[in-house]
Structure formats: structure tokens, C-alpha cells
Amino acid sequence: FPLVALIDYLGYRLIAQSVLPIGKDTLLYGSGDGATTIKDEDPILTDKFKLIGKALNLKPHYVLDRERVDKKLMYGPVDIEGHKGKDGRYYILDTARVLPPVDPTGFARSSYLYRMFRPEFLRLNPVPLSSDAFSLFGNHDSQVHDQEVNEATQ
């Protein structure tokens, strides 16, 4: 979501929202449609995600599209979006699942969406962890990714 501010002034309430210069045609990394299509089309943007993944100790992992045909190496969750805006700048959206989830065993199955490791823990953990562990997106080598997260959760 873009930057939003709620402003109360002299009895008036305004909502100010930035408008990003992006659209469906500017998506170059990740997926904006629940992994129906997965993009990795800009080497500069891919290198930026690789640097972020390394800094956070995220495990590079392969993801498959919904048809299980197209396989891409991702450095974060597949549903993150990397755009090159119409102004030539890069924008990253949908970062809610960047941090890997803790093992959801004993919690609601959907807890992988909101129970995440802290970044301080990830940087100190000896094994990089996949952002897509325990999710339906982490369908390639999921047993390995899930086990690594399970061991880190202990």
C-alpha cells in the first residue's frame, strides 16, 4: 500500500495518499496474482533483492507458478512485488511476508501469515530460512524449508 496520512485540521478530516507511478505493466520481480505468474525480469532489481535477502539471512529458494511449469529463484516471498516505475525508480510492495514464519504447529494453520521471526534472530541464526516456508507458495523443496524453520523455532 502507498503512504497514507490522516490529517485533522480545524474540524476537517483529510486523507492524503501518495499515488505510485506503477501498474501491472511495471512488475518485474515477484508475483502480483498469487503466483499464477512469477516474474524475474530485471537483473538490477534481482541483485537488490539478493542483497536484502543476504542482509536478513533469507534463504534463496525456488518457487513454482500455479501450473507448476515456471520455476524461479526468489530471495524473499514469492508474493512480494518489485516494480520499475514509470519514473525510472524502483518500488517494492507487499512486504508483509518478507520475514520467515515460525513453525505454525499448535497454532492456526494460517498463522504462517502473521507469526514471523524477528530480524535480529534471523541475522544470528546459522541457517538462512525461506520466507515461503509453511505457505502454499513454498511448494518446491517444501519439506527442507519447513524442517529448517521447525528447527529454528525450537
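Tutor: The account below begins with the aromatic rings, passes to the sheet and helix around them, and ends with the charged side chains.

The model is predicted, so local features are reported at pLDDT of at least 70 and side-chain atom pairs at pLDDT 80 or more, while totals for chains, interfaces and linings use all residues. Residues are numbered from 1 along each chain as its sequence is written, and side-chain values rest on heavy atoms, with hydrogens and water left out.

A pair of aromatic rings is described by the distance of the centres and the angle of the planes. Here, rings of Phe, Tyr and Trp (its six-membered ring) pair if their centres lie within 6.5 Å; planes under 30 degrees apart count as stacked, over 60 as edge-to-face and the rest as tilted. The structure holds 2 aromatic pairs. In one of them, the ring centres of tyrosine 29 and phenylalanine 49 are 4.1 Å apart and the planes stand at 10°, so the pair is stacked. Tyrosine 29 belongs to strand β3 (residues 27-30) and phenylalanine 49 to helix α1 (residues 43-56), so this pair ties together parts that are 20 residues apart in sequence. Helices (H or I, at least four residues) and strands (E, at least two) are DSSP runs, numbered from the N terminus.

Accessibility is classed by relative accessible area: buried means under 20%, exposed over 50%, and partly exposed in between (1.4 Å probe, protein chains only). Tyrosine 29 is buried at 0%, and phenylalanine 49 is buried at 4%. Phenylalanine 117 and phenylalanine 121 also form a stacked pair, because their ring centres are 5.0 Å apart and their planes are at 10°. Phenylalanine 117 is buried, with a relative accessible area of 8%, whereas phenylalanine 121 is partly exposed at 32%.

Strand β3 pairs with strand β7 (residues 81-84) in the antiparallel sense over 3 bridges, and the bridge partner of tyrosine 29 in β7 is glycine 82.

The charged end of lysine 71 sits over the ring of tyrosine 62, 4.6 Å from its centre. For arginine 115 over the ring of phenylalanine 107, the distance to the centre is 3.5 Å.

A salt bridge is a side-chain nitrogen of Lys or Arg within 4 Å of a carboxyl oxygen of Asp or Glu, and the count comes to 6 salt bridges. Among them, glutamate 148 joins lysine 59, with the closest N and O atoms 2.9 Å apart. Glutamate 148 lies in helix α3 (residues 142-153) and lysine 59 in the loop between α1 and β5 (61-64), so the pair ties together parts that are 89 residues apart in sequence. Lysine 59 is buried, at 17% relative accessible area.

Conventions. A charge sits over a ring if NZ of Lys or CZ of Arg is within 6 Å of the ring centre and within 35 degrees of the ring normal. Two strands pair if DSSP finds at least two bridges between them.
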